[in-house]
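Thanks for asking me to look this one over.

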Amino acid sequence: MESSEEEDDLDYPINDGITPQSKIDSIYQSNTEKGIRKLCCELLVLKDAVENLRGNMRTKYLAFLRISDEVVEMEHELIELQKHISAQGILVQDLMSGVCRELEEWNKANGDIHEAQQDPQIGELQDPFPNNIVDAKTIFLEKIDVLLAEHKVEEAIEALDVEERNSPDLKSSGDTSPTEASSYRSAFLKRKAMLEDQLVEITEQPLVGTLELKKALSGLIKLGKGPLAHQLLLKSYGSRLQKSIEAFLPACSSCPKTYSATLSKLVFSLISLTTKESGSIFGDDPAYTNRIVQWAEWEIESFVRLVKENAPPSESISALRAASICIQASLSHCSLLESQGLKLSKLLMVLLRPYIEEVLELNFRRARRVILDLDAIDESFPLSPRFASPLSAFATSSDTMLIDSGIRFMYNVNEIVEQLTPLTILHFGGSILTRISQLFAKYVGVLIKALPGPSEDDNLTELKEDIPFRAETDAQQLALLGIAFTVAELLPMAIWRTQNESKEPGSGPTENIVHTASAMESKEWRRHIQHSLDELRDHFCRQYVLNFIYSREGKTQLNAQIYLNGKGDDLSWDSGPLPSLPFQMLFVKLQQLATVAGDVLLGKEKIQKILLARLTETVVIWLSDEQEFWGVFEDESAPLRPIGLQQLILDMHFTVEIARFAGYSSRHVHQIAAAIIARAIRTFSARGIDPQSALPEDEWFVETAKGAIHKLMSDASDTDDEHLIDEHMIMHDEMASDSDDSPSSLSSVESSESFASANMGDLESPTDLTDPEN
């Protein structure tokens with residue numbers, strides 16, 4: 001054995017390359033590896049546990065859902081059981097009352113027992129019949145109780161109806177005793193009331209269907225409860241409408257312009273549906289129809305209140321659009337309801353009109369603030385080229401701010417008008433036109449402030465306020481007038497487009513009345529716009545003429561002294577008769593202004609002629625109404641000479657020929673000039689001067705005036721106009737200094753008041769621009 005062991009020891013190193021796994025594990029495996037292996041095993045165990053837990057949770061969740069469904073079913077079963085118990089309780093109560101009634105009858109009949117024993121055959125013949133009757137009534141009542149407990153309302157209604165028609169006790173007649181009939185009738189009515197309560201409960205369920213609602217209402221009608229059924233119909237549909245509105249109201253803020261149309265559709269469509277259902281169930285009974293009308297009116301009042309409560313701020317453009325859409329949608333729905341016998345348009349307009357007027361007023365106030373705030377020029381107004389291009393034509397001759405004001409005006413008016421729907425214009429067109437004319441009048445007032453010189457109008461006392469720009473030069477003033485006239489021409493383009501949309505085919509004479517009213521309102525609107533333009537034009541003419549007539553020192557350059565002295569200052573006839581220098585200067589000024597107007601108001605010849613004609617009229621009007629001018633002639637101490645009368649008449653003919661020569665001859669100028677000549681002749685005649693001997697023929701004045709115009713035109717190329725004006729100023733100042741104490745010496749304030757006294761309202765607009773003699 002020792003030898004064998006030694007052999008084994010000797011043989012071991014030979015198998016050096018083969019090492020057992022267990023030995024390797026024992027030698028090389030570290031504690032860390034062991035820990036990792038152990039951790040992996042624990043993670044695997046934890047993973048299995050988590051999967052088991054998830055499976056258990058899903059199973060328990062499904063079980064929870066199943067239990068929830070069972071709980072719901074159990075609740076329904078409990079409700080049914082409760083109804084059944086209630087029905088059984090009713091049966092027990094009826095049984096108790098029946099037993100008590102039998103005991104009472106038994107006690108009453110106790111005294112007759114002996115007689116019944118003596119004649120048993122009669123008892124046998126009489127007893128079975130009442131018992132059968134009692135049993136039949138009891139069975140019927142029990143049947144009704146069962147039907148009520150099982151909520152078989154249709155069968156219960158049918159049974160009650162048949163019993164009520166066939167039972168003599170319910171008709172208060174028959175051979176039964178009054179006590180028994182009254183008891184049975186009471187029990188019958190009690191069950192009838194229970195059935196009525198069940199039908200009412202059905203109609204009041206939140207999710208009741210239309211068919212089920214109709215059946216319940218029909219059942220109430222069969223029970224003789226028609227008014228109650230109709231009230232429940234209105235209540236049910238009103239509740240539906242309320243739920244629909246409550247579901248929609250949170251979305252109003254996301255659609256501020258169209259929310260009113262959705263509300264209108266919800267309200268009026270349900271009114272239409274309710275009217276149809278009422279007709280199908282209750283027929284055309286006037287009592288029910290009147291209730292439908294009252295209910296519809298109440299719903300419309302609620303609708304208008306909701307529109308107001310959920311509207312955007314009234315001065316916003318969104319509020320105007322929403323109000324216009326509300327009018328359009330609501331009146332369209334009302335016209336459809338008229339076929340169902342409901343006429344709600346008048347009520348709707350009565351309720352909506354104050355709100356629409358408020359929205360219109362606040363929007364126009366907002367527009368007025370934007371238009372009149374000329375300092376805020378940074379805001380851009382994207383105006384359509386058809387409006388912007390005509391106004392931009394004045395960019396070369398006027399302030400940019402002035403053009404921006406015109407663009408701003410047109411943008412705001414166009415923005416407001418674009419929000420209006422046809423039916424809104426149809427009902428509120430007159431109010432809208434009035435507000436536009438008022439807005440234009442305010443705009444014209446701002447333009448008047450930009451013109452130099454004070455205003456004599458009582459309604460323009462605020463003209464002394466500072467404004468961002470002023471029109472100092474003739475070109476700027478004419479551009480200002482041109483912008484105002486252009487805005488007035490562009491306004492109809494924005495307004496009549498929508499008015500034409502409102503002229504939809506109507507019905508009968510109503511449409512004709514509306515169109516007639518629109519035509520009258522349009523005419524009145526044009527009159528107001530023209531009146532505002534006339535105010536601007538007249539103010540321009542007044543300040544222009546005043547600047548011409550009065551010097552900077554406030555003394556007049558056109559006074560009666562030039563017709564009294566006959567000196568060579570203003571009546572220089574060395575080269576032939578000529579108009580006095582003030583009227584020559586008038587001709588030069590008008591020629592200069594006409595030249596500037598031709599450049600600034602290019603393509604607007606009519607406006608040019610109107611302005612020049614009005615300027616000429618203003619001069620002769622001032623001369624006609626200036627009392628201090630005529631007071632000089634009427635003064636007995638003033639020396640009058642025939643040449644002064646001749647010069648005054650020549651000046652008037654010259655003024656008329658100026659207008660005729662320039663192509664803006666006015667009949668009004670002819671009339672006023674003729675009136676001045678007639679007054680001068682009367683005044684000079686009263687002082688002893690014979691006009692017939694002192695004056696030449698009328699043809700001489702006409703020819704001399706025409707010749708003077710041609711002479712001035714030919715001399716214009718050789719004579720500097722500014723030099724002529726300066727010369728006239730110097731000569732006239734010298735003359736004024738020689739006669740400071742004369743009645744013709746005027747202060748600026750007195751002269752302004754005298755000029756303001758001229759009746760400008762009596763002037764006609766120079767619409768006839770042709771030569772009256774042609």
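1. Leaving aside its neighbours within four places in sequence, which residues is E277 in contact with? The contacts are K214 and Y237, where contact means heavy atoms within 4.5 Å.

2. A word on the basis: this is a predicted model, in which local features need pLDDT of at least 70, side-chain atom pairs count only at pLDDT 80 or more, and totals for chains, interfaces and linings use all residues. Residues are numbered from 1 along each chain as its sequence is written, and side-chain values use heavy atoms, with hydrogens and water left out.

3. Back to E277, which sits in helix α11 (residues 259-282). Helices are DSSP runs of H or I with at least four residues, strands are runs of E with at least two, and both are numbered from the N terminus. With a relative accessible area of 11%, E277 is buried (buried is under 20%, exposed over 50%, partly exposed in between, using a 1.4 Å probe and protein chains only).

4. The side chains of E277 and K214 make a polar contact at 3.1 Å. That term means a pair of N or O atoms within 3.5 Å; within protein, one must be able to donate a hydrogen and the other to accept it, and residues adjacent in sequence count only if both atoms are side-chain atoms.

5. A662 belongs to helix α23 (residues 642-662). Its relative accessible area is 33%, so A662 is partly exposed. L612 is 50 residues away from A662 in sequence, with 8.7 Å between their C-alpha atoms.

6. For the whole protein chain, I count 28 helices and zero strands. Of its 774 residues, 42% are buried.
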